[in-house]
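Visitor: I've never looked at this one before. Could you walk me through it and tell me how you reach each conclusion?

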Amino acid sequence: MSGFGGFLLRRAVGSVITLLAISVIVYVVFYATPGNVAQITCGPRCSPEQVHQVARQLRLDDPLWVRYWHFLAGLIAGQDYSTGTSVEHCPAPCLGLSYQTDQQVLTLILTKLPVSLSLVFGAMVLWLVLGVGTGVLSAWRRGRFTERVLTAFTLAGWATPVFVIGLVLMIVVCGELQLLPFPQYVKLTDDPEQWAWNLLLPWLSLALIEAAAFARLTRAAMLETLAEDHIRTFRAYGVAERTVVGRHALRGALAPVIALNANNVGSAIGGAVLTETLFGLPGIGQELVHAVNVVDLPVVVGMVLVIGFFVVLANAVADVLYAVADRRVVLA
């Protein structure tokens with residue numbers, strides 16, 4: 001196949017291979033480590049009988065590749081788990097059962113995922129608007145007072161930790177000025193207005209740092225694009241400066257912005273632990289911390305795989321956006 005269809009097929013196959021490699025690495029890291037995996041998984045208070053049951057469920061007597069094959073088969077076709085008195089079927093994609101709650105890991109993740117997605121995608125809109133807008137304005141006003149002020153704010157935002165920004169926003173906005181309530185997660189389907197109001201501060205906390213990176217990258221890309229020959233040609237023909245900057249130069253500077261945004265969206269889903277913990281949001285970041293503390297390996301492995309899936313998905317979408325913005329990419 002050639003053209004755009006072939007490009008999509010190659011990216012899809014590459015994404016599947018990448019996900020398979022991630023699953024191998026994650027499984028080996030967590031289940032081939034030295035020590036008694038069954039004891040670690042079950043916990044220090046488990047009886048020998050409970051440890052033996054966990055070892056049997058994990059098939060620790062089998063070779064590692066056989067155990068991974070059963071794990072992969074569960075992802076593709078599902079598998080059955082013995083709960084002692086009965087057998088529970090875990091449908092595909094099966095990530096296993098939590099040894100703390102006996103709940104299916106995928107079900108647990110799906111209850112937490114909307115919170116993290118709400119946080120990340122709301123923050124993404126803000127960091128794109130603030131970061132790209134600041135970068136374009138800095139490049140347009142290069143050498144002027146406006147650029148110096150924006151550069152100073154960008155450096156300050158880049159150097160400030162997210163928990164410091166979050167604490168300052170809560171103290172000032174919620175405490176002193178009382179403009180917003182202290183954040184409490186409300187489902188989008190229950191009350192969209194309260195959903196947005198309660199997530200506004202977490203969005204700002206996460207977005208301000210990311211916006212600083214986007215501002216610096218956009219400014220550099222814009223300055224490079226504004227120095228190209230076709231931009232000088234537009235100016236020579238008398239095209240309005242706002243049109244030159246906003247339509248022609250910005251489009252040429254979007255490629256690195258798309259790449260950075262793909263990396264940020266994927267990593268922010270798993271990296272928003274501080275933001276979720278600070279504002280008490282019950283997302284997968286907070287649940288991952290809890291699973292690590294209680295050594296709930298199936299939950300940890302499942303969440304790492306889900307985070308890896310979103311990283312791969314975000315980069316695949318970025319590749320497609322490259323092709324839409326520049327059709328020459330399809331031939332690569």
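Guide: Happy to. Keep in mind that this is a predicted model. Let's start with helix α5, residues 105-140.

Visitor: Where in α5 does a kink lie?

Guide: At Lys 112, shortly before the proline Pro 114; the kink is about 35 degrees.

Visitor: What about aromatic rings: how many pairs does the structure hold?

Guide: Six aromatic pairs. One of them joins Tyr 27 and Phe 71, with 5.1 Å from centre to centre and 40 degrees between the planes.

Visitor: What makes Tyr 27 and Phe 71 a pair, and why is it called tilted?

Guide: Ring centres must lie within 6.5 Å to pair, and planes under 30 degrees apart would be stacked, those over 60 edge-to-face and the rest tilted. At 5.1 Å the two rings pair, and because 40 degrees falls between those limits, the pair is tilted. Tyr 27 sits in helix α1 and Phe 71 in helix α4, 44 residues apart, so the pair links distant parts of the chain.

Visitor: Why is Tyr 27 called buried?

Guide: Buried means under 20% relative accessible area. Tyr 27 has 5%, so it counts as buried. Phe 71, at 11%, is buried too.

Visitor: And why is the pair of Tyr 68 and Phe 71 tilted?

Guide: Their ring centres are 6.4 Å apart, within the 6.5 Å limit, and their planes meet at 40 degrees, so this pair is tilted. Tyr 68 and Phe 71 are about one helical turn apart, because three residues separate them in helix α4. With 13% relative accessibility, Tyr 68 counts as buried. Tyr 27, Tyr 68 and Phe 71 form one aromatic cluster.

Visitor: Which residues touch the most other members of the largest nonpolar core?

Guide: Trp 127, Leu 201 and Met 222, out of 66 residues in that core. Leaving aside neighbours within four places in sequence, Met 222 is in contact with residues including Val 136, Val 245 and Leu 250. A second, separate core has five residues, among them Ala 38 and Cys 46.

Visitor: And the protein as a whole: how many helices and strands are there?

Guide: There are 14 helices and two strands. Of the 332 residues, 41% are buried.

Notes. Residues are numbered from 1 along each chain as its sequence is written. This is a predicted model: local features need pLDDT of at least 70, side-chain atom pairs count only at pLDDT 80 or more; totals for chains, interfaces and linings use all residues. Side-chain values use heavy atoms; hydrogens and water are left out. Helices (H or I, at least four residues) and strands (E, at least two) are DSSP runs, numbered from the N terminus. The expected span of a helix is 1.5 Å times one less than its number of residues. The bend at a residue is the angle between axes fitted to the seven residues ending there and the seven starting there. Buried means under 20% relative accessible area, exposed over 50%, partly exposed in between (1.4 Å probe, protein chains only). A nonpolar core is a set of buried Ala, Val, Leu, Ile, Met, Phe, Trp, Tyr and Cys residues joined through side-chain atoms within 4.5 Å. Contact means heavy atoms within 4.5 Å.
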